[in-house]
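Here are my notes on the structure, as promised. Please read them with the model open.

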Amino acid sequence: SDHNGRNLKTKHDISVSIELSDVSLSLSMLMAMDLDLLGSLKMGSMMEVNKILSCLLTAAHAASITEFDVTVGTISNFAVDGFQSNEVQNAANDSTRLILEKYGTKIISSIPKFFDSTVRTLINKWMEYNIKGLPGGGCLSSPLDSVGSGFVDLRDLLWTATMAQDFGGSGLSQYGNLFRVVVGFVRDIFKVNEFTGLSGLNDAVVAPLTLLNSKEAGTVYQTSDLFNGGTQVKVGALNADVHFRAYDAKIENLDTIGSPLQLFGGVRGEPYELNNTMTFGVGESPLTFSSKLLLSLNGDDDFQINNEMDLRLELFDANAILGTMAKISESRLFGFPLRDIFNLHCWLATIPAPALDSRGVRSRGSEATASLSNLDAHIGQLMMKAQCNNCSSPRMSELTDLLSDPATQKETTDVANALLNYVTQLMGGNFIQVQIDRLLNDAARKCPHNPAFDPDAAPVSYEAFESPDSSYSMSYLVLLSGLVIAAIIVVSLVFLFIRFIVQRRHKKWVQTLPPHQLKKLACQQKWETVQEDQLNHTTISMFRSKQ
């Protein structure tokens with residue numbers, strides 16, 4: 001304050017901005033690393049992002065920048081903003097303008113020398129200090145000293161201190177900020193555009209990957225057969241060889257991922273659980289599955305039918321929810337050596353494996369350390385479109401029209417959701433849990449730095465269950481949806497084919513009747529036809545009824 005008692009302290013938020021154009025950077029570096037020492041560095045020493053580089057340099061015998069060439073074409077719009085006083089702001093604007101006018105050319109010409117001498121020297125001195133400093137250098141301090149021998153609290157590992165506290169975590173950030181920064185980067189990629197409702201993942205990941213497969217963003221082609229097989233069917237008068245084939249499959253609009261979308265979401269009060277939600281078919285473009293289907297029947301009496309059709313499924317707002325539980329050992333995570341950072345088995349081995357019995361099932365009293373805590377899927381709206389390309393079956397076109405009828409969309413969606421519910425219950429049951437438990441046990445034997453590592457480990461064989469084998473293969477789970485839909489179509493066709501055979505044999509029988517019986521039968525059929533037409537015009541079927 002001055003002699004009059006006035007407070008002269010003021011606070012200004014000042015921002016400095018400058019525009020550089022035609023910037024060119026050339027950097028050459030010499031580095032000699034001790035690969036054994038580098039590989040032995042522990043994850044716990046690098047849990048803080050600002051310690052990673054200094055920690056890595058402790059494994060270097062020598063490191064220096066030999067060339068650091070930076071050139072700038074022009075400098076413009078140099079400004080210092082944020083002063084509360086207009087007089088001071090105007091003075092700052094005049095000063096920056098005069099600096100550019102009088103010294104702009106000299107500044108541009110001095111930039112290469114400044115970076116190649118001053119900046120390069122400072123960086124080299126800093127690297128030399130970390131290399132030749134105390135043993136261990138930047139890797140001396142480790143969060144290992146501040147954590148226990150329990151499991152990692154995922155809330156404190158992945159989220160900010162405030163969010164972690166809101167969900168029941170300690171909020172102490174005892175695991176550093178490395179994983180928090182990585183998760184933040186991933187969330188920025190997945191961020192949903194508030195205007196379109198679509199995620200940035202579509203442009204950053206989905207579009208480039210699908211372009212490699214099909215040269216079309218968001219589209220994937222399957223050139224080989226999805227399914228190709230046959231069997232013999234005996235139903236009533238029908239005795240035929242049935243062959244079914246699904247081919248030329250295509251998935252379109254994979255780049256329609258959007259809201260609701262959540263990654264690494266927490267469960268309040270649960271330190272080891274995460275919720276993940278992803279939605280496909282957001283907006284006007286639905287997630288689309290299409291394939292060609294071929295159904296052929298060959299029976300007696302030169303009976304041969306071939307039906308080739310296009311089936312297309314359009315899914316709007318198809319939502320999948322995956323909840324996971326993982327108990328990661330604190331000591332194993334922080335003691336993770338850098339040499340195995342790309343070994344998936346070692347990451348799985350950070351989760352202690354439960355004890356298994358001779359059948360590969362978790363023993364009684366042994367708790368699960370990893371599981372699917374929640375698995376659910378739902379389709380907002382499903383549209384089915386079917387079209388006959390070459391169908392020899394009677395009334396096959398009526399079946400495809402019925403499948404494509406917009407009035408049946410609600411029923412089709414309900415059936416699809418019921419099927420999804422069955423599949424998710426199957427995958428979220430004991431079968432998947434057993435596979436997870438076995439996977440964790442195998443991971444320890446395949447991780448080089450794990451005490452249980454066995455380089456010559458053979459696949460573990462477990463005793464067979466005494467009860468009948470009711471396990472399902474992964475291929476069954478993948479093809480289940482398609483096979484159920486195909487089964488519905490096959491059953492419908494079977495009834496049509498039986499009717500066709502009955503009509504064919506009826507025609508042969510009619511040809512053996514005398515004229516007076518034929519006339520009587522014709523009159524009776526005509527009367528029945530009139531009655532059916534009258535019913536069709538005055539009533540509607542129960543299937544199409546709104547009640």
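The numbered points below go from the overall make-up to single residues.

1. The model is predicted, not experimental. The protein has 14 helices and 12 strands. Of its 547 residues, 32% are buried.

2. **Contacts and surface.** Take the contacts between residues at least 6 apart in sequence: 72% of them join residues at least 24 apart. The protein exposes about 33,500 Å². Carbon and sulfur atoms supply 57% of that area.

3. **Largest nonpolar core.** This core has 31 residues. L293, L297, L315 and L382 have the most contacts inside it. Several elements give two or more residues to this core, among them helix 7 (201-214), strand 7 (238-252), strand 10 (287-299), strand 12 (370-391) and helix 10 (396-404). The largest share comes from strand 11, with 7 residues. Strand 11 spans 303-326.

4. **Around L315.** Which residues does L315 touch, leaving out those up to four places away in sequence? The list is G281, P286, L287, F289, I379, Q381 and L382. L382 is also one of the residues with the most contacts inside the largest core.

5. As a general point, nonpolar side chains in soluble globular proteins tend to be buried together.

6. **A nonpolar patch on the surface.** L25, L27, M29 and M31 form this patch. Together they have about 390 Å² of accessible area. M29 lies in strand 2, residues 24-33. Its relative accessible area is 44%, so M29 is partly exposed.

7. **Disulfide C346-C447.** The structure holds 2 disulfides. In one of them, the sulfur atoms of C346 and C447 are 2.2 Å apart. The torsion about the S-S bond is about 105°, so this disulfide is right-handed. The pair links distant parts of the chain, 101 residues apart. C346 is in helix 9, residues 344-349. C447 is in the loop between helix 12 (430-445) and helix 13 (474-510). Are these cysteines buried or exposed? C346 is buried at 1% relative accessible area, and C447 is buried at 0%.

8. **Disulfide C388-C391.** The sulfur atoms of C388 and C391 are also 2.2 Å apart. The torsion here is -95° about the S-S bond, and the link is left-handed. C388 is partly exposed, with a relative accessible area of 24%. C391 is partly exposed too, at 25%.

9. **C523.** This cysteine counts as partly exposed, with 48% relative accessibility.

10. **Salt bridge D225-R245.** A search of the whole structure finds 15 salt bridges. In one of them, D225 pairs with R245, and the closest N and O atoms are 3.2 Å apart. D225 lies in the loop between strand 5 (220-222) and strand 6 (227-235), and R245 lies in strand 7, so the pair ties together parts 20 residues apart in sequence. Both ends are partly exposed: D225 at 32% relative accessibility, R245 at 26%.

11. **A salt-bridge network.** E252 forms a salt bridge with R312, the closest N and O atoms being 3.2 Å apart. E252 lies in strand 7 and R312 in strand 11, so this pair ties together parts 60 residues apart in sequence. Salt bridges that share partners join K250, E252, R312, E314 and K385 into one network. K250 also bridges to E252, with the closest N and O atoms 3.9 Å apart. The cut-off for a salt bridge is 4 Å, so the K250-E252 pair at 3.9 Å falls within it. E252 is buried, with a relative accessible area of 14%. K250 counts as partly exposed at 23%, and R312 does at 29%.

12. **Q84.** Where does Q84 lie? It is in the loop between strand 4 (74-81) and helix 3 (86-132). At 59% relative accessibility, Q84 counts as exposed. Q84 and I14 are 70 residues apart in sequence. Their C-alpha atoms are 9.7 Å apart in space.

How values were computed: Residues are numbered from 1 along each chain as its sequence is written. This is a predicted model: local features need pLDDT of at least 70, side-chain atom pairs count only at pLDDT 80 or more; totals for chains, interfaces and linings use all residues. Side-chain values use heavy atoms; hydrogens and water are left out. Patches are made of residues with over 30% relative accessible area and no salt bridge: like charges are joined within 9 Å, nonpolar side chains (Val, Leu, Ile, Met, Phe, Trp, Tyr) within 5 Å. Accessible areas come from the Shrake-Rupley method with a 1.4 Å probe; for residues, only the protein chains shown count as cover. A salt bridge is a side-chain nitrogen of Lys or Arg within 4 Å of a carboxyl oxygen of Asp or Glu. Helices (H or I, at least four residues) and strands (E, at least two) are DSSP runs, numbered from the N terminus. Buried means under 20% relative accessible area, exposed over 50%, partly exposed in between (1.4 Å probe, protein chains only). Contact means heavy atoms within 4.5 Å. A nonpolar core is a set of buried Ala, Val, Leu, Ile, Met, Phe, Trp, Tyr and Cys residues joined through side-chain atoms within 4.5 Å. A disulfide is a pair of cysteine sulfur atoms within 2.5 Å.
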